[in-house]
Amino acid sequence: MSTTTHDSGSNYLNHSKGIMSWLGTLDHKRIGLMYLWTVLVFFFIGGVAALLVRYELIAPGQTIMSADAYNKAFTYHGTIMVFMVIIPLIPAALGNFFLPLQLGAKDVAFPRLNLASYYVFISGAALAVTTLFLNGVDTGWTFYTPYSIRTGTSATWVLMGAFVMGFSSIFTGINFIVTIHKLRAPGLTWNRLPLFCWALYATSIIQVLATPVIALTVFLLTLERAFGIGIFDPKLGGDPVLFQHFFWFYSHPAVYIMIIPGMGIINEIIPVFSRKTVFGYTAMAVAIFGIALVAFVVWGHHMFVSNQSDLANFLFSLITMFVAVPTGVKVFSWVATMYKGSIHFDTPMLYAFAFLFVFTIGGLTGVFLATIASDVHLTHTYFVVAHFHYVMVGGTLMAFLGGMHYWWPKMFGRMYNETLAKWTCLLIFLGFNVTFFPQFILGSRGMPRRYYDYLPEFTELNRMSTHGSWMIGAGFMIVAIYMIYAIYKGKVANSNPWRASTLEWQTPSPPPHDNFAVTPVVTSGPYEYHD
Amino acid sequence: MFFVTEALANNGLPQQGSEYATRFDSLYSFLIWVSIFFFAIVVVGMIVFAIKFRNRPGWKAKNIHGHTLLEIFWTAVPTVLLLAIFGWGWMLYRDLRAFPTDAMEIKVIGKQWLWQFQYDDGRTLTGEVYVPVGKPVKLTMTSDDVLHGFFIPDFRLKRDVVPGMHGSIWFEATQEGKHQVYCTAYCGTAHSGMLASLYVLNEKDWNDWKHGKKINVAPNELPLAFGGSAAPSAAPQGGALSLVDQGKKLSQTKGCVACHSDDGSARVGPSYKGLWGSQVELADGSKVKFDENYVTESLYEPNKRIVKGFQPTMPTFKGQVSSEDINALIAYFKSLK
Amino acid sequence: MSNVRHHAHHFDSAQAEFEASKQGLWVFLVNEVLFFSGLFVAYAIYRVGNPDLLKECHHFLNWKLGATNTAVLIGSSLTMALGVTYAQKGEQKKSANMILLTILCAFGFLVIKYIEYSHKFHDGLLPGALFHNHELTHPKAPQFFSIYFVLTGLHGIHVVGGIVVLFWIWIRTLKKEFTPEYFTPVECVGLYWHFVDLVWIYLFPLLYLAS
Amino acid sequence: MSHHDSGHSKQEHHHHILPVAMAVKIWAALMVLTFTTVFVAQFDFGSLNFIVAMAVATLKAVLVCLFFMGLKYDDKQNVVIFTTSFLFLAVFMILTFSDLFFRGDVMLKKDEAFFKAASGPAKFKKPWNSTPEIVAHGKALFEAQCVTCHGAEGKGNGLAAAALNPKPRNFTAADGWKNGRKPSVIVGTLTKGLNAMPSFAALPLEDRWSLAHYVTNFGPNIDKDTPADLAKAGVDTSKDTLGAVESKSVPVEVIMERMAEDGKK
């Protein structure tokens, strides 16, 4: 693989000065960073909401807030974390930064569209967050009708926000698809494409195909609130279950928008720190696409008890089973990749371990919810809450942290404090399991989700869960501190500290404004290590 | 950590209230063991490889690109297993949906934030329902306002209650005594207060109860958060409790406590505490004395005169509370100084 | 601006940039199709679920105006296609006129729509709760008109958007910014405009001719 | 993916230019097709109309895509991309339909089981003849369904009677029976309902007969049905049973009303 070594002090960070040079930049790396900081701010807000929710639940009865305040707290936690954090987190932030680098391109196909998507995102998010200062919103992030039609809270604003943010997601999708089709470096054939790019490719396809539907759905819901168009409102002869179909046709694929990029990152990390190529490259790539496509035909498994027809229940339960097959292939292949490797225990790899551990649990509990009979008992309970946190937080967030630690030296040319990082990884991993494992038991024992108050027999498990949430919170704080410290004071990192072979490491750290002085020519697969 | 072992009893599932529940539990424990098996493969494999192939002097990684047979194997085996699991789950679900023609039917109405149960003899109960043991019972459910979810963990049974639709579930209880009912579809402020108690009675109690005689079954274990312990009423008339206790019990069984506390803390509605005889300020600014008449009016036409700072969301209890009940409630309110 | 166009730094040829932009637009159209999909699903549900619904309702839609609008849009598609052709040939003047014609057709379409809408408003044929027409008694008629208004409304919004971008390329054509080597914007706006026509090609029979 | 193996590989095919004459031909074709579809719509061929309309529309759409949008000469990638969208539109529709058009017991109107004792084998032979068993059965039903208004002794003095005007029928009195006190007549009243009394058509016919026999027993004297009356009531005395015993489906409003009344009890 050809490496381009040119050494001028100029990089994308110091290439031009002044706030305007950032706000108006067309450089995918700067846009990626702006996304990163913005998303992390929302992550903080959503996280605070989460801690409040957990703290309220530390004991039965009222602890710190009223029932209405609690309903708003979990609504904001859900809405912010889904629409403003996990969906843009990896594709828009890390993806924007590293996709062109991994392709050996100078930028994404449409830099202006890229910047536009950022501002669209900001304005949508602003719309949604404004409601914090109005009378809030208490529908839950699913906006189920008819409650979302009746509630007096300013739900309309949040719906508008979701509508607008949808377009930023679509723009990113369009951009990535074309970039991958048209801007790959010479010799970078489809079967030499890094799996992170494959993941982003699949994600983008979902974004383009699914997001417009939620846009329309929230649009209809807004009209329903404004004029009562009677499509979803039973009082006007509408069908509330139809809304759930519309909602989940997007929101189930959206779950894969959230997790597939995470899988992509793990696919990058494990080979690098095992010093060997990924096990079953083709199977990995195919599996990613398998998941992405099946994602579109399983949404009804969110509706097994919604009074949808038994035929639909049969089909959706059957098809849902097939999500587990490609997922299993990926998990097994990751483990197999380590076989006969030479494993380095750097922080990114530790996060990969953590990912495998929790994601496996998340995946397996998914089978419980795909099996229709057990779903009837478990759905709408804390079991579901635990399940999707194991996948979203345990999966996506662990992968994201892994990616941050993996690429930080490339993004800022500085190293973070390795020892501190490892201990924090352990803290977050433990805290995560302490928080969410008890919720499986709470759920199977019958505690419904979105409960402000609960029977005393659930007290200990809830208290345990709340304590765990503090560990996670502390963990993220520490990460934030040492990462930001690293940017300014961390020791300088060389251009390829992990001796990785994908293209983003073939350019100086931080990368120069136009990525590659000479367009690299690819001659072999992405993970060929010979050391 | 006693509570963990206690929580994990029976795979962390609640008591088995019906024959279906026992069959459900065998599927559930099968799923758990399958999960443990695959989890072990992944995590043990990961740990073993991590130790065995850790980076150390003299050790060099072998570049392995894949192993077709192995990959086919771990694609095929899970597929078969998953299809089997699907089949098992579907068979159980089919039983849930096959309604016996001789099932006794009770109509269920969910409204923010209480459950109403209507028997064919016209008897209407709120927040509690009585069924015979060992007889199939069918609940036909609808909602007055928003989505609700009817969930009986002991029967492993759940279904959304949708306004404008009628959905049904059925069960044949084997376990006498009280079974907790939850609302599982988020329905607003007092969502977590929207509970009910399902009492499974033996044949004798059932017949007594049907003919309005007093019965005594296991007392309701509702925690104070939901209004403290209440003995089930020998519906439709009250039992031989003191008037104040009758009132307290009514305030629980009729679901009042979902919205009105007796400790002064405001929920959806004002607390009863110290309300009696006081001048209540109304939404329109005028005042009214909280006395027998206002109590009665508030039960029959709840939204006629709303206390300042609260929403007109209370359903009418016309036809559900007798004048005896009202007297009991009044006595109870008086007792809350 | 000169007639010689320098392609953006991250493409290695104007050709590559053209191909990329065009594909980008195709992907955008995919997203557009899915955006309308929800409404077509809703439409289908009410049509199949209530076979007599459309029989009754479509009498209250003016198929003559609908047909006229179809003709107008097809005409605009022709002028648009010619606009692109002339742009490719470098015949700026003709291209500009064709684009102008397209814009006029678009306005024509909106005027006719306005006439239709005002009749509906007058007759109380309005979405859902606002519906108050006494001749049309079908219980689901309010839903039908919800779907009618949302579908045609969203399509109308797309027409307005079309007018804006058409105007933009019209000005640029007048400024002679396009050459046989560089006409990407004309091509892309063309694709978009044909898509708007495409949607109407289905809306017309589905809403007006349902018997 | 042959020549797309690398995004940077030059694609030196010059742009295809749609000839003016060709464009005009396509336009003409589209106009003709439009007239066709409008013309066809003037006649009623039943479901055929829809099929024709959709076929024509699709034909028009294909023409626009291939020529005006130039897919015919375009990069095949774009063809694939655009067709995907319709694939997923289809998925969306089909799976949503798998629910909407296959709802089983969910909707009230379809939920026969919602009506008490809707079906099952006939309990009595020739239920139009009064027997002790059938009267006993009638008594049970009466106590479940009727006492709230008609009172336990059938005096029309049940709990709800106070609220009702005209007062519920007093079965013990002989006066005021406009249509006589024959069971067949009472069955008719039970089926149709009268004044404040809702229709009990939800009860199986033989249950209505049982009730009729029971309430006639309250009275001073018992009216018998003549064969003529039975014939009038549509009873085939040659048979053993009343035939179909499943309940007539009752309009939704009636049930709603009834539930509302239950609520008030």
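**Chain A: overall fold**

Chain A contains 16 helices and zero strands, where helices (H or I, at least four residues) and strands (E, at least two) are DSSP runs numbered from the N terminus. The radius of gyration of chain A, 23 Å, is close to the 24 Å that the globule rule gives for 531 residues, so chain A is as compact as a globular protein of that length. That radius is taken over C-alpha atoms, and the rule is 2.2 Å times the number of residues to the power 0.38. Along the principal axes, the C-alpha atoms of chain A fill a box of roughly 70 × 45 × 45 Å.

The model is predicted: local features need pLDDT of at least 70 and side-chain atom pairs count only at pLDDT 80 or more, while totals for chains, interfaces and linings use all residues. Residues are numbered from 1 along each chain as its sequence is written, with chains lettered from A and ligands numbered from 1 in the order in which they are written.

Of the contacts in chain A with a separation of 6 or more, 84% are between residues 24 or more positions apart; a contact requires C-beta atoms, placed from the backbone, within 7 Å.

Chain B comprises seven helices and twelve strands. Buried residues form 42% of its 337 residues. For chain B, residues 24 or more positions apart supply 61% of the contacts with a separation of 6 or more.

**Packing of α14(A) and α16(A)**

In chain A, the axes of helix α14 (residues 382-412) and helix α16 (residues 459-489) come within 11 Å and cross at roughly 15°. These axes are lines fitted to C-alpha atoms over the stretch in contact, with angles from 0 to 180 degrees between N-to-C directions. α14(A) and α16(A) are therefore roughly parallel to each other, a term for angles under 35 degrees.

The contact is made by A:Leu401, A:Met404, A:Trp408 and A:Phe412 of α14(A), together with A:Val479, A:Met483, A:Ala486 and A:Ile487 of α16(A). These residues divide into eight nonpolar, no polar and no charged. Nonpolar covers Ala, Val, Leu, Ile, Met, Phe, Trp, Tyr, Cys and Pro; charged covers Asp, Glu, Lys and Arg; the others, Gly among them, are polar.

**Interface of chains D and C**

In this interface, 41 residues of chain D are in contact with 38 residues of chain C. On the chain D side, α1 (20-41), α2 (47-68) and α3 (76-100) each supply at least two residues, and α3(D) gives the most, with 13 residues. The side of chain D that touches chain C divides into 26 nonpolar, eleven polar and four charged residues.

Note on methods. Angles under 35 degrees count as roughly parallel, over 145 as roughly antiparallel, 65 to 115 as roughly perpendicular and the rest as oblique. Two residues are in contact if their C-beta atoms, placed from the backbone, lie within 7 Å. A residue is buried if 20 or more other C-beta atoms lie within 10 Å of its own, exposed if 12 or fewer, and partly exposed in between; C-beta atoms are placed from the backbone.
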